[in-house]
Amino acid sequence: MEVFFHVYCRSDYQSIVRNKINKFKASGLWKEIKTLWVPVSGVREEDKSFLKTLQLYSPKIKVFEHQDPVFNNEPDTLNFMKNRAEKFESNTPMLYMHTKGVT
């Protein structure tokens, strides 16, 4: 499974991200995740330390800012997800999440 977790770096996003990862682990879903893509928007200097630490948490976690974003927000993540899906050779489960999503 590939998970795409769009993160907008404002408000309490750091605790939301940690909370979601803890829920993945508690539910057993973490074992099923091949890659946890974390495209980030709105990154400020003070966010860089957290994002670096997050990436060190597990080799499954891939934090990045979009190269040449078209929209500079969530549609760039959705397009990234669509492009990945088009390259899969088999049926790979996918999950999309957002820090402002339903909890």
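Which residues have the most contacts inside the largest nonpolar core? They are Val 7, Leu 36, Val 38, Leu 54 and Ile 61, in a core of 19 residues. This is a predicted model: local features need pLDDT of at least 70, side-chain atom pairs count only at pLDDT 80 or more, and totals for chains, interfaces and linings use all residues. Residues are numbered from 1 along each chain as its sequence is written, and side-chain values use heavy atoms, without hydrogens and water.

**Core**
- A nonpolar core is a set of buried Ala, Val, Leu, Ile, Met, Phe, Trp, Tyr and Cys residues joined through side-chain atoms within 4.5 Å.
- Buried means under 20% relative accessible area, exposed over 50%, and partly exposed in between (1.4 Å probe, protein chains only).
- Two or more core residues come from each of β1 (2–8), α1 (13–27), β2 (35–41), α2 (48–57) and β3 (61–64).
- Helices (H or I, at least four residues) and strands (E, at least two) are DSSP runs, numbered from the N terminus.
- α1 gives the largest share, four residues.

**His 98**
- His 98 sits in strand β4 (residues 94–98).
- His 98 is buried, at 12% relative accessible area.
- Beyond its neighbours within four places in sequence, His 98 is in contact (heavy atoms within 4.5 Å) with Phe 5, His 6 and Glu 74.

**Salt bridges**
- The whole structure has five salt bridges, each a side-chain nitrogen of Lys or Arg within 4 Å of a carboxyl oxygen of Asp or Glu.
- Arg 44 pairs with Glu 46 (3.5 Å, N to O) and with Asp 47 (3.0 Å, N to O).
- Asp 47 is buried at 1%, whereas Glu 46 is exposed at 54%.
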